[in-house]
Structure formats: C-alpha cells, structure tokens
Amino acid sequence: MALSGLNLVVSAVGFAVLNEKLKRLEGKLNEIQQEVKAIRSLLEIEERAKLSAALRDLLSISEIKNSNHRHYDTVQRKKYIWPS
Amino acid sequence: MILFNAKNIFGPVNLKYKELLLGADTIETAMAYEEYFCLTSLAHARCLAELEMLDMASRDILETQIFWKEQSRRIANDLLLAENPERLLFSDFAKDVPVSTLAEWLDFSYGEEKGYSWIDELRGKPRPWYAEDGYVEVGKGAAKVTSSLFNVASRYTGKVIEKDIDRQQAKVLPSFQKLVARNNVLEGYVEQYRLLEISGTTPM
C-alpha cells in the first residue's frame, strides 16, 4: 500500500516535470513562430519593393534622354520582370 | 554601368524602407527606418543625377521629401509629442529644450508657423496652479505623503518617473532634433537638385 502510494507520488512528480518542460518547449515554439512570421513578412516586403522599383523605372523609361541609358535600363528591368 | 547597377540596387531597398517606415509604430524602429529611407533615397537620386537624368533626380528627391515630411510629422505627433506635449514646458526639460527650440519643433510637428504662440497654447493645457481640489500634480502629491504605505508607493512612482525621464532624454529629444535638422537638410537637397536641373549640370 505504502509502496503504491510512493509510486503514485513519483509518477505525479514525473508528470509535473514533464509538463513544465512541455510548457517551456511551447514557449520556445511560439517565439520561433513569431520570428518566422516576421522574416516572411520582410521577404514579402522585399519582393514587393523589387517589383515596384522595376515598374516605377519602366514607367519613366521614356523620360531618359540618352538612348544607351534607356536601352540598358529597359534590358535590366526586363530581366527582373521576365527572367529568361 | 556601375551607376546603373547602384541605382537598381538602391531603388528596391529604398522602397522596402519606405514601406517599413509607413508601418513603424515605435520610436526606435521609426527612427531606424527613417534613417535608412533617407540614405537610400539620397543615393538613388544622386545616381540619377550622375546619369544625367536630372529631371528624374529632381522629381525623385521632391517625392522623397514629401513622403518623409508626412511620415516625420506622424512620428513627431504620435510617438514623440504623444498625448502630453505640455510636459515640455516643465523644469525637466528647461535645460535641454529652450523655448526657441520648442517653438521650432512644434512648427515642424504641426506644420504651422506659429512660433512662440505655441507656448501660449501649451500653457493652457496643464492643471491650474490654484486648482480647487488642491492637487496640483498627482506625482508631487504622492511624494509628499509621509505614511509608510504611501512612502512605498511614492518610491515606486519615483522609479517609474525616473525611467520615463531617461527615455525622454535618451530617445525623444534626440529624435526630435534629428527630424527637424533633417527637414532643413532635405529642403536644401530639393533646392540643389532643382538648380542642377535648371542649369543642366551633374553634381560631379
């Protein structure tokens, strides 16, 4: 009887320790999740910025007076929007 | 080709910081993004000007200044002045923020050239000295309470106030100085690029 009681106490302590570890793990996973979300959002912003810059430059391409510059810029922009 | 490549690198990076600045809601992030936005904008405009695209450079820097001013005013109003701009009239800031500087900061923040009239407006905001309830300021009142229980409370309040003052000295005041100074610098750049466009000369 005493032994089974002791066994129960040991099991309860074991579960409590396990529960604590799981909680800590959950906290760390939440932290990682937040970081992954932030990185994803930053990558999206970066991609959007590249596209916006390419479109902005293409829209004002006709204003470039130097024909060499105009040609070079158009090729560069095309490479980004339509990579071969 | 080097200038073209530089322009094509600065362009997207500039737009990235533009978007980040638009969403920045703390002093630290807003000031960092503002710095990088300005840096990349100036570099992008300079590349355009060196490539003899002077009209585009002039327009680019003007657009930068308009966007920056709008965002800087948001930062100044929402994050730096916040809800109690009248605090800048108190003795905590007497040494660091002379009245002439304060008037200049408020002119910039609110976009109105009122000068010293701002001081009169701010003076109307704090509680009256001869208030009916006798409490001129809660912080002052709490510090005067002598019972042991309230002493503990006032010690805690003191710590919080001290921390807030440190934050004001370390972040709010330098950020304000930076924004107002940069406003003058950007206005100078706009004028410079306009003159370059008119004269048809590149910066170098």
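Okay, hi everyone. Chain A has two helices and zero strands, where helices (H or I, at least four residues) and strands (E, at least two) are DSSP runs numbered from the N terminus. Before I go on, this is a predicted model, so to speak: local features need pLDDT of at least 70, side-chain atom pairs count only at pLDDT 80 or more, and totals for chains, interfaces and linings use all residues. Residues are numbered from 1 along each chain as its sequence is written, while chains are lettered from A and ligands numbered from 1 in the order in which they are written.

Let's stay with chain A. What radius of gyration does chain A have? The value is 30 Å, whereas a compact globule of 84 residues would come out near 12 Å. That radius is taken over C-alpha atoms, and the globule rule is 2.2 Å times the number of residues to the power 0.38. If you draw a box along the principal axes, the C-alpha atoms of chain A fill roughly 95 × 20 × 10 Å. Of the 84 residues in chain A, 5% are buried. Buried here means that 20 or more other C-beta atoms lie within 10 Å of the residue's own; exposed means 12 or fewer, partly exposed is in between, and the C-beta atoms are placed from the backbone.

Now look at how the two helices of chain A meet. α1(A) and α2(A) pack at an angle of about 145°, and their axes are 10 Å apart. The axes are lines fitted to C-alpha atoms, for helices over the stretch in contact, and angles run from 0 to 180 degrees between N-to-C directions. From α1(A), the contact uses K50(A), A54(A), D57(A) and L58(A), and from α2(A) it uses D73(A), R77(A), Y80(A) and I81(A). Contact means that the C-beta atoms of two residues, placed from the backbone, lie within 7 Å. By class, this contact between α1(A) and α2(A) has four nonpolar, no polar and four charged residues. For the classes, Ala, Val, Leu, Ile, Met, Phe, Trp, Tyr, Cys and Pro count as nonpolar, Asp, Glu, Lys and Arg as charged, and the others, Gly among them, as polar.

On to the interface. How many residues of chain A are in contact with chain B? It's 15 residues of chain A, against 13 residues of chain B. On the chain A side, α1 (2-59) and α2 (67-81) each supply at least two residues. The largest share, seven residues, comes from α1(A). By class, that side has five nonpolar, five polar and five charged residues.

Chain B has seven helices and zero strands. Buried residues make up 27% of its 204 residues. Take the contacts in chain B with a separation of 6 or more: 66% of them are between residues 24 or more positions apart.

Which residues touch the most other members of the largest nonpolar core? Those are L21(B), Y33(B), L48(B), M53(B) and A57(B), in a core of 34 residues. Such a core is a set of buried Ala, Val, Leu, Ile, Met, Phe, Trp, Tyr and Cys residues joined through C-beta atoms within 7 Å. Two or more residues each come from α1 (2-23), α2 (27-50), α3 (54-81), α4 (99-110) and α7 (148-199) of chain B. α2(B) gives the most, with nine residues. Leaving aside neighbours within four places in sequence, A57(B) is in contact with A45(B), L48(B), A49(B) and Y193(B).

Y17(B) sits in helix α1 of chain B. Is Y17(B) buried or exposed? Y17(B) counts as buried because it has 23 C-beta neighbours inside 10 Å. Beyond four places in sequence, Y17(B) is in contact with Y33(B), Y36(B), F37(B) and T40(B).

Then there's I27(B), in helix α2 of chain B. I27(B) has 19 other C-beta atoms within 10 Å, so it is partly exposed. I27(B) and V172(B) are 145 residues apart in sequence, yet 7.8 Å apart in space, C-alpha to C-alpha.

Last, two loop residues. E52(B), in the loop between α2 and α3 of chain B, has a phi near 65°, a positive value in a residue other than glycine. A82(B) is in the loop between α3 and α4 of chain B, and its phi is also positive, about 55°, although it is not a glycine. With 12 C-beta neighbours inside 10 Å, A82(B) counts as exposed. That's my tour, thanks!
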